[in-house]
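Hi everyone, thanks for coming. Let me put the structure up on the screen, and then we'll walk through how the chains meet.

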Amino acid sequence: MPIRAISQVATARNGLGAFIVPCKRVTLTYCNWGGSSQGMRDFLTKDLKAIAAKHPQIEFKVMKKEGHPIIKGEYNNGKEKVISVRKRDPLWINDKIYLLTQQSGKKLIKNFGKKQDVESQNESIRGIWSPMHTDPSVRHRV
Amino acid sequence: MMQRFASLRAPVSKLLTPRPAFASIPRLFSTSTISQQAAAEPEAKTVTDLTPLKLSPSASLYATIKVHGRQFLVTEGDIINLPYNVKEADIGDKLHLNDVVTIGNRDFTYHQSEGISQDLYKISCTVIEKTKKQLSKRIIKQKRTREYRRAFNKSPYTVVRVNELKLN
């Protein structure tokens, strides 16, 4: 059987043509009995409808579950992020849901230097410098 | 390839010709001053002609853009990590970059340090992600004291993708 080279597959670059929102689902849990869910209950009754209407690409799932309330974001890359909203007010929960919807599910990076400012998958446009292609009259001789 | 470089570098070789002897130079320093009248005259407005850039065989372009004074060298499809929260934009929003210093390809470069005219190009990008870095911890302590406190920081950054880079 002859060996065949792997044919090049197009790389996925979100945003180059179409843009797909990386966050696919946000799950909110609450408890009907506990006091730590008071802010969450207020949020669900007052604010959630407007936020869900603002993000038509994202599924908002509300679950009744005993214990402290959480919000969970699930992403296209299979990762999920969980934030505890125990004893938090509706405004705080609103901010954290905004944070979950704007992220891509990647692991948070520690820091990036100046060289990581631009990430490119293209070949270098100006090429790699070569001593063989300089003018022979100027070329450095060892 | 060889010929192309040789033709481009021709004036450089002239510059590197050996200097004349020191004694043969009549005056080392000139005492001329720039006359104010000549500086006050309005310069003739030149129309920039980018046909060499457009018609050269290497089609792909690069551009040096400025965002809040910080320069980034980008091509089409690149990701830019902006080290701050772009408050005005959410993910999926399109931004037009209008502060461009350089546009070029393999053979030619057009550079204007004060900024290229906006009619000549179109560069836009999409906001992909608005996120934060890892929690960083820093201990603040004074000398010869036992007390110290910790400072926590999670600095925000915005990721955008350049999806259009072309000359008009």
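Let's start with one residue: leaving aside its neighbours within four places in sequence, what is B:T131 in contact with? Contact here means heavy atoms within 4.5 Å. The answer is A:Q103, A:L108, B:P156 and B:Y157.

Quick housekeeping before I go on. This is a predicted model, where local features need pLDDT of at least 70 and side-chain atom pairs count only at pLDDT 80 or more, while totals for chains, interfaces and linings use all residues. Residues are numbered from 1 along each chain as its sequence is written, chains are lettered from A and ligands numbered from 1 in the order in which they are written, and side-chain values use heavy atoms, with hydrogens and water left out.

Okay, back to B:T131. You'll find B:T131 in strand β7 of chain B; helices (H or I, at least four residues) and strands (E, at least two) are DSSP runs, numbered from the N terminus. B:T131 counts as buried, at 4% relative accessibility. For that label, buried means under 20% relative accessible area, exposed over 50%, and partly exposed in between, with a 1.4 Å probe and protein chains only. The side chain of B:T131 also makes a polar contact of 3.1 Å with that of A:Q103. A polar contact is a pair of N or O atoms within 3.5 Å; within protein, one must be able to donate a hydrogen and the other to accept it, and residues adjacent in sequence count only if both atoms are side-chain atoms.

Now zoom out. Between the chains, 40 residues of chain B are in contact with 37 residues of chain A. There are 21 residue pairs in polar contact between chain B and chain A, both at pLDDT 80 or more. On the chain B side, the elements giving two or more residues include α1 (2-8) and β10 (156-167), but the largest share, seven residues, comes from β7(B).

What about charges? The rule finds one salt bridge across this interface, meaning a side-chain nitrogen of Lys or Arg within 4 Å of a carboxyl oxygen of Asp or Glu. That's A:D117 with B:R70, the closest N and O atoms being 3.2 Å apart. A:D117 sits in the loop between α3 (90-102) and β5 of chain A and B:R70 in strand β2 of chain B, so the pair joins two chains. A:D117 is buried, at 3%, whereas B:R70 is partly exposed, at 35%.
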